[in-house]
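Work through the exercises below with the model at hand. Try each task before you read its solution.

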Amino acid sequence: MKKYLPFTIVLSVLLIIVAVLEFLALRKNNGIISYPLDDAFIHMAVAKNVAVHHVWGLSPSEWVSSSSSLLYTILLSLCFKIFGVAPWWPLVICAAGSILLLWEMQRELAKYSGLSTQRQTFGMLLTMFIAPLPFMTILGMEHTVQMALTLIFTHRCVSRLMDDKYSLGDWIIPSLWGFLMVACRYENAYTVLGVCLILAFKRKIFAGGMLGLIAISPVIIFGLYMQSKGGYFLPNSLLLKGKLQVIGLLNDTKSFLELTSVMSGIFVIVVLVLADKFRRKEYDREFWAFIIFTFSATMHSFTAAAGYLYRYEAYLVVLGFFHLTIVFLKWYTPAKIKQTHTWAYAFVFGIFLFNLVPRAVNSFPHAIRCSGNIYDQQYQMALFVKQYYNGSTVAANDVGAISFLGDITMLDLWGLGNNEVAKAKMNKTYNSAYLQNLVTRHNAKVAIIYDKWFEPDLSTHWYKIATWEVPNNYICAEPIVSFYATVPETADGMLTHLKEFESRLPQGVKVEYYYKPGSINNSNTVLATN
């Protein structure tokens, strides 16, 4: 049992923290589960439509890939199909991902590190804190599963590299883990590519080719299937939100460390340790893990985002920091505390890693604050739509909670959940006239949008009824959301509905009305400026 003591201790600490955070969030949100990002509801909305309507999309009428996580959506849809649609399933899956991550950390430490039980426990606790795993657990998204699969895949590959096993049979298991990892998040294709390049360097072309083909197959299979259903090969989220940050580097407007963002300190130290190991010809497990990390982090920094609520870079933070912790715990002895160079190392490394500490500390209040913001805005929007506009077509730009809670046809004006809008953006035909025509063609008589996301002339022919403003906003894209009737006949009814619903809004949400009954023919009154 002592072998599993670190896992038991760290898991207990994690579950206690998660329970406290979730309790405080539930108390703040009137007992309602509300996740820190509306994106969690996007996953749930797609999973609900897969389970109930057998359609992969935000609406049961259109196949749209709104997320680059296939595995997570499949897991959610299976839970919904077998056990029923419920908002707490993302929390369950995230907790399972965290447990799997801790188990893999325990396995690696117990089997290969040679560290004492106390040091193993310390290393796992520190990594859990820096991740930050408690926040990622209540985030309600795929990232805990991604972190776990990234470690598992990396460790299985490192074991083959250490044992000089290069037959095709030896690489089947890592290939399957790679399959799951890439299916969980497309960014992990870089992790697979890093290992393939290592195998190519060792002239193990067949093993590398099999690994790459199997691991990337979820992207290919799902992409081709989505195309057959009228969607795009890549998810709309990647097509519309993807960032080629390397352009900033090439244009001489950003440094490479700026691209690495919050993981820049980890990256620098990993490179220094890697160089030292290469100089010493110390090709151990950490050496190969650092090679994989360095390539993945570089490619991620060139093409993807980091720093947004901890999640995008989480898999790299865990991979790099966990193995740096192993190196440190192997190196450190009480005698070293008396050596001058130890303090020099501590000072330099402390500078590079210091940003991770406040980042982790801030994650605790952010978990409660963010879930409260989503509850105050997106969740209330969803309740409003569900009560008064079920069965209708609703135009919106923040679409997760609305799509999940309501039984509506979602017209996503931003394109994440609508192929037609995504195409217009990519073809540079996306403008106010296009959106106005889109809303008219789809008979969306109600629009709920952030005014600042659109040109002012979008709502020229709409009727602005009211706005909601959430207090102490941190995570909502905008604190103010506007409610529009897009046709005259829905204006009076929408005003009535909003006034009826106002009493149900959380305390602190500020409501402002713009429309007055009977003024439908006075455009100066009802067509408010943004």
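**Exercise 1.** Is tryptophan 89 buried or exposed?

*Solution.* Start with the cut-offs: buried means under 20% relative accessible area, exposed over 50%, and partly exposed in between (1.4 Å probe, protein chains only). Tryptophan 89 has 10% relative accessibility, so it counts as buried. Now take tryptophan 88. Its relative accessibility is 42%, so tryptophan 88 counts as partly exposed.

A note on the model: it is predicted, local features need pLDDT of at least 70, side-chain atom pairs count only at pLDDT 80 or more, and totals for chains, interfaces and linings use all residues. Residues are numbered from 1 along each chain as its sequence is written, and side-chain values use heavy atoms, with hydrogens and water left out.

**Exercise 2.** Classify two tryptophan ring pairs.

*Solution.* Rings of Phe, Tyr and Trp (its six-membered ring) pair if their centres lie within 6.5 Å; planes under 30 degrees apart count as stacked, over 60 as edge-to-face and the rest as tilted. The structure holds 32 aromatic pairs. In one of them, the ring centres of tryptophan 88 and tryptophan 89 are 4.8 Å apart. Their planes stand at 35 degrees, so this pair is tilted.

Next, tryptophan 414 and tryptophan 453. Their centres lie 4.7 Å apart and their planes at 50 degrees, so this pair is tilted. Where do the two residues sit? Tryptophan 414 is in the loop between β2 (409-412) and α20 (419-426). Tryptophan 453 is in the loop between β3 (446-449) and β4 (463-469). The pair therefore ties together parts that are 39 residues apart in sequence. Helices (H or I, at least four residues) and strands (E, at least two) are DSSP runs, numbered from the N terminus.

**Exercise 3.** Which residues form one aromatic cluster?

*Solution.* The cluster is made of Tyr35, Phe41, Phe80, Tyr375, Tyr379 and Phe404.

**Exercise 4.** Check the span of helix α8 (residues 172-184), then find its packing partners.

*Solution.* The expected span is 1.5 Å times one less than the number of residues. Helix α8 has 13 residues, so it should span 18 Å. Its end C-alpha atoms are 19 Å apart, which agrees. Now list its buried residues: Pro174, Ser175, Gly178, Met181, Val182, Ala183 and Cys184. These pack against α3 (70-83), α7 (143-162), α9 (189-201) and α10 (205-228), where contact means heavy atoms within 4.5 Å.
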